[in-house]
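I opened this notebook to record what I looked up, point by point, in one structure.

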Amino acid sequence: MIHIILIGDVHTHFTEADVNFFNQSDADLILFVGDLANYREKEGIDTAKIISGITKPALFIPGNHDTVTAVQLLAEIKWSQAKRDLLAKGQPKRVQRLLDALAPVQVGGYSTHHYQFGEDSFDLIVGRPYSLGGPKINYIAQLKRQYNVVDMTGSIAKLKQCVDDAKSNTLLFLAHNGPTGLGDKRDDIWGCDFWEDAGDFGDPDLSEAIQYAKMREKQVLGVFAGHMHQQLKGGGLRKMIVECDGTTYLNAGYVPRIFGENGRIHHQYIAITLEQNRLTHDFCTFSP
């Protein structure tokens, strides 16, 4: 039996109480779907330094708020590629500062990670970092520098190679944003609630990689991501779990993950168990 803890978009909501709780838990592995910061690098660095106190094996994928400035994020949404490239010039140094602050927590992206716990093993495929969701790729300047990826075709090829590199037939996927193909309504698991008529806002490259893995007769037990928050703009709640074709899709984007209710402070996380090629999960909170 393997125990995994999945932590959604942090957005500065991570404390020493989390470190103590997770270090004392039965977790074999702790996964973060990204977005440590809101809009300032210091927020992300300060949060990363707290997370670095985790002594369990842990892995983090950067989100669209990580290692970027507020102006750069705005540029990715609204401005020309030339302006995006200009604003991205400082990103390599910001990436290194985040890596240093998080250590020894591992940072993944376009990567395959093999885990062996006793007689049980699986491979974790980590998807495209810095995803903003939707049909196009953002932060191209940094993706080119780090991974030599400049378009969706290259991203798909990179992720397929990660599948080919897997040692096990049992796979999990970790991404910042989830895959396309799971609904185009605003309250669907990765449907768009902030742009009218944007529809399905999942990542096409991640969807292609998952389907490729299944075509290779790999068992994809789970796909874990966040980015699209549970509380919808304009009201309502998002669907956060989908079971489809033998795969459990979990959206961990509970924001804020630390909240007050009934006079107590609650810290949210998802507990996942793998046993005999079967995945179960539980949406949990703890109160320090």
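Predicted model: local features only at pLDDT ≥ 70, side-chain atom pairs only at ≥ 80, totals over all residues.

**Entry 1: Asp-66.** I located Asp-66 in the loop that links β3 (58-60) to α3 (70-78). I then asked which side chain of opposite charge is nearest to Asp-66. I next looked for backbone nitrogens by its side chain. The side chain of Asp-66 reaches the backbone nitrogen of Gly-63 at 2.7 Å, and a polar atom of that side chain lies 2.7 Å from the backbone nitrogen of Asp-35. Setting aside neighbours within four places in sequence, I listed the contacts of Asp-66, among them Gly-34, Leu-36, Phe-60, Gln-91 and Tyr-130.

**Entry 2: the sheet.** I traced an open sheet of 6 strands with mixed pairing, in the order β5-β6-β7-β8-β10-β9. β5 (111-117) and β9 (241-244) are at the edges with a single partner strand each, so one side of each has no neighbour in the sheet. The twist from one strand to the next averages 20°. I noted that β6 (residues 120-126) and β7 (residues 170-177) run parallel and are joined by 4 bridges. Asp-123 stands opposite Leu-171 in β7. I also recorded that helix α8 (residues 204-215) lies across β7, β8 (219-226), β9 and β10 (247-251), at about 175° to β7.

**Entry 3: Gln-81.** I placed Gln-81 in helix α4 (residues 81-87).

Methods: Residues numbered from 1 in each chain as written. Heavy atoms only, no water. Helix = DSSP H or I, 4+ residues; strand = E, 2+ residues; numbered from the N terminus. Buried < 20%, exposed > 50% of the residue type's maximum accessible area, 1.4 Å probe, protein only. Lys, Arg positive; Asp, Glu negative; His and termini not counted. Salt bridge = Lys/Arg side-chain N within 4 Å of Asp/Glu carboxyl O. Polar contact = N/O pair within 3.5 Å; in protein donor to acceptor, adjacent residues only side chain to side chain. Contact = heavy atoms within 4.5 Å. Pairing = 2+ DSSP bridges. Axes fitted to C-alpha atoms, helices over the stretch in contact; angles between N-to-C directions.
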